[in-house]
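Dear colleague,

I am passing this structure on to you, and below it you will find notes on a few of its side chains and the pairs they form. Please read them with the model open beside you.

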Amino acid sequence: MQFLRWAVLLAAVMATAPAHAQLFETKAGQAFMADAETGTILFSKDPDKLVPPASLAKLMTMEVVFHALKEGRLTLDDTFQVSENAWRTGGAASGGSTMFAALKSTIRLEDLIKGVVVQSANDGCIIIAEGMAGSEENFAALMTERAREIGLTKSVFKNSTGLPAEGQVVTTRELVQLATHIWREYPEFYKFYSLPDFTWNKITQRNRNPLLAMDIGADGMKTGFTEESGYAIVGSVSRGGKRLFAAMSGMTSERERSEESRKLLEWGIRAFQKSELFAADEVVGEAQVFGGERSGVPLKAKGPIAIFVPITNKDRLIARIVYEGPLSAPVEEGTKVATLRVWIGDTLSQETPLYTAENVEVGSLHQRAWDAVQELMVGWLR
């Protein structure tokens, strides 16, 4: 705790921090892992590169469905009919993942959801898409629109299955954001991702997520593969009071995907411990004020600030208060003026908004004149 507070105070006046190597290495081309509770980014490797989602697009398909269920626009007992398009494009004849839905049959939504989540059923996705939006193209537009609503700014969806389509892209950072959102907003549906298998129409298929059988606390979520971007996965582990989500892409085989995702998530569980940097209402630092009755104003967060820090590499943690200053008086209490940024190695792990803790009124003529002189003398150094 003493080290962390010292780092915050020191870094508030530092210009830059030297880059450090990652604390963990992976064969994945892109990877991103974060703690669900605090939002701490534990690992990041090219997380904003746009890549084809493959079957990971089905996470967004399910988010649209779960959102409609939560709003009462659908029920789990609603039924959907299997069109010829769904049967041909996503059924047994397609050679892809399928729940073997019979042409023109009707299927309960709950069974379709389990078919998509557990069996990665392409026909299940298309059946839902056509039933909800009239066509898969219309549904894909809803997927992208909904992605923007929940804060995914880069991901674009062209179909419900993740089958190759020009312009259909995601990032590993946004996949973790999406997975965390599903876990937080739809706990009653998130539990489907941990089902080991699903039997429908007398056909049993096992969950395709290899993490579930590894006894590491995994309970989700999805795998994918495309020729262009390789093998990918979104995984989640809950163990020892921690909940981590990770997304990885660009691996060369199913075996490599299984091993690399297991190693990353286990490292995340074992190598970090939760630390409270500042309690609720505790002053984090101070921002300089120009022309005020005082030269500075204390800064606080809206609540406690907690972060997961590396157990054996605490010297790799750097914290800095960042703001555009000096602030100009008058300054009103409760105004967002700064951000506390925390790095672990070369990864920006957490950003917390900081707010002014007091009012600062305009100073006397003498105080303002003195501040002006100081600004002329040192302002150019910033």
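Glu358 has a relative accessible area of 35% and is therefore partly exposed (buried means under 20% relative accessible area, exposed over 50%, and partly exposed in between, with a 1.4 Å probe and protein chains only). The side chain of Glu358 meets that of Arg294 in a salt bridge, 2.8 Å from N to O (a salt bridge is a side-chain nitrogen of Lys or Arg within 4 Å of a carboxyl oxygen of Asp or Glu). Because Glu358 lies in the loop between β17 (347-356) and α10 (365-378), and Arg294 in the loop between β11 (285-290) and β12 (296-300), the pair ties together parts that are 64 residues apart in sequence. Helices (H or I, at least four residues) and strands (E, at least two) are DSSP runs, numbered from the N terminus. Arg294, at 32% relative accessibility, also counts as partly exposed.

Please bear in mind that this is a predicted model, in which local features need pLDDT of at least 70 and side-chain atom pairs count only at pLDDT 80 or more, while totals for chains, interfaces and linings use all residues. Residues are numbered from 1 along each chain as its sequence is written, and side-chain values use heavy atoms, with hydrogens and water left out.

The structure holds 21 salt bridges. One of them joins Asp77 to Arg108, with the closest N and O atoms 2.7 Å apart. Asp77 lies in the loop between α2 (57-70) and β3 (79-81) and Arg108 in strand β4 (residues 106-108), so this pair ties together parts that are 31 residues apart in sequence. Asp77 counts as exposed at 54% relative accessibility, whereas Arg108, at 29%, counts as partly exposed. Both residues belong to a network of salt bridges that also links Glu110, Asp111 and Lys114.

Thr26, placed in the loop between α1 (2-11) and β1 (30-35), counts as buried at 10% relative accessibility. Its side chain makes a polar contact with the side chain of Glu260 at 2.8 Å (a pair of N or O atoms within 3.5 Å; within protein, one must be able to donate a hydrogen and the other to accept it, and residues adjacent in sequence count only if both atoms are side-chain atoms). A polar atom of the Thr26 side chain also lies 3.2 Å from the backbone nitrogen of Ala28.
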